[in-house]
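The following is a walk through one protein model, taken part by part. Please keep the sequence and the 3D view at hand while reading.

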Amino acid sequence: MSEQATSRDETAHRQLTDRVVIATHNSGKLVEMRDLLAPYGVSVVSAGELKLAEPEETGTTFRANARIKAEAAAKATGLPAFADDSGIVVDALGGEPGIYSARWGGPNKDFQFAMRTIEDKLQALKTADRRAHFVSALCIAWPDGHLEEFEAQVDGVLVWPPRGTQGFGYDPMFLPDGHDRTFGEMSADEKHGLPPRGKGLSHRARAFVKLAEACLVRH
């Protein structure tokens, strides 16, 4: 999967300024996205804080679901809206859980249960293949219908038992290539790996680097 940024208008990216709605009710994602936007002087409010309804994610790709969330928040508020759809893709499981990564945690978002489910499935297959990758699709939607869309991934392997209490979701069982600590053992700064120290480490940070180059001005 390509890490190249894409948008519906390849010739003229639109700058994101002033105020933006982060279209998520996921507290972990909200913290990461606030951190990523902080250096750019953009005022942030979340869909949860505005008590917006969560749209049904009917897309069949990460990008489609990010677009659904961003467009719904932009329409409801009249503000630009920034959404992420992300998840873990496990090679030996035929790409599962993929776009259903959050749903594997059940109604209580129990990711200890979700990680255990992945491990049980791998054990049942009696496979040595523990390759996986995280995908993040980012979308900014404006009330007038303009979209900017970006996607990236980070490759790695799954470890068991999970290690670390940082991050959220499947982070404690994901060991990115070239590192000896899981995302769950890394601080937020280490996990993001943003410039000037790096080119982005996590899937969300890599996609965000592309978005920032196109649509943001550092303050």
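How many aromatic pairs does the structure hold? This is a predicted model, and the structure holds 6 aromatic pairs. A pair of aromatic rings is described by the distance of the centres and the angle of the planes. For phenylalanine 82 and phenylalanine 208, the ring centres are 6.4 Å apart and the planes stand at 45 degrees, so the pair is tilted. This pair links distant parts of the chain, since phenylalanine 82 belongs to strand β4 and phenylalanine 208 to helix α5, 126 residues apart. Phenylalanine 82 and phenylalanine 208 are buried.

A second pair is formed by phenylalanine 134 and phenylalanine 183, with ring centres 6.1 Å apart and planes at 15 degrees, so this pair is stacked. Strand β5 holds phenylalanine 134, while phenylalanine 183 lies in the loop between β7 (174-176) and α4, so the pair ties together parts that are 49 residues apart in sequence. Phenylalanine 134 and phenylalanine 183 are both buried. Aromatic residues also group together: Tyr40, Phe82 and Phe208 form one aromatic cluster. Another ring meets a charge, as the charged end of arginine 14 sits over the ring of tryptophan 142, 5.1 Å from the centre of that ring.

Helix α5 covers residues 203-215; at 1.5 Å a residue its 13 residues should span 18 Å, and the end C-alpha atoms are 18 Å apart, which agrees. Is α5 largely enclosed or largely open? Of its 13 residues, 10 are buried, so α5 is largely enclosed by the rest of the structure. The buried residues of α5 include His203, Arg204, Phe208, Leu211 and Cys215.

Which residues of α3 are buried? They are Phe111, Ala114, Met115, Thr117, Ile118, Glu119 and Leu122. Their cover includes β4 and β6.

Next comes the largest pocket. Its volume is about 830 Å³. The lining of this pocket is made up of 37 residues, and Asn26, Lys29, Glu57, Ala102 and Lys109 lie nearest its centre. Helices α1, α2 (62-77) and α5, together with strand β4, each supply at least two residues of the lining. Which of these gives the most to the lining? It is α2, with 4 residues.

The loops hold several points to look at. Threonine 58 is in the loop between β3 (43-46) and α2. Threonine 58 has a relative accessible area of 53% and counts as exposed, because exposed means over 50%. Leaving aside residues up to four places away in sequence, threonine 58 touches Asn65 and Ile68. Between the C-alpha atoms of threonine 58 and glycine 145 there are 19 Å, and the two residues are 87 apart along the chain.

The bond from glutamate 96 to proline 97 is cis, with omega near -5 degrees, and proline 97 lies in the loop between β4 and α3. Tryptophan 160 and proline 161 are likewise joined by a cis peptide bond, with omega about 5 degrees; proline 161 is placed in the loop between β6 and β7.

Two further residues have a positive phi without being glycine. Aspartate 18 has a phi of about 65 degrees and lies in the loop between β1 (6-7) and β2 (19-22). At 59% relative accessibility, aspartate 18 is exposed. The other is lysine 126, with phi near 50 degrees, in the loop between α3 and β5. Lysine 126 also counts as exposed, at 75% relative accessibility.

Conventions:
Residues are numbered from 1 along each chain as its sequence is written. This is a predicted model: local features need pLDDT of at least 70, side-chain atom pairs count only at pLDDT 80 or more; totals for chains, interfaces and linings use all residues. Side-chain values use heavy atoms; hydrogens and water are left out. The expected span of a helix is 1.5 Å times one less than its number of residues. Buried means under 20% relative accessible area, exposed over 50%, partly exposed in between (1.4 Å probe, protein chains only). Rings of Phe, Tyr and Trp (its six-membered ring) pair if their centres lie within 6.5 Å; planes under 30 degrees apart count as stacked, over 60 as edge-to-face and the rest as tilted. A charge sits over a ring if NZ of Lys or CZ of Arg is within 6 Å of the ring centre and within 35 degrees of the ring normal. On a 1 Å grid over the protein atoms alone, a cavity is a set of points where a 1.4 Å probe fits but cannot get out, and a pocket is an open set with protein on both sides within 12 Å along at least five of seven lines; lining residues have an atom within 4 Å of a point. Grid points are joined across faces, edges and corners, and a volume is the space filled by probe spheres set on the points. Contact means heavy atoms within 4.5 Å.
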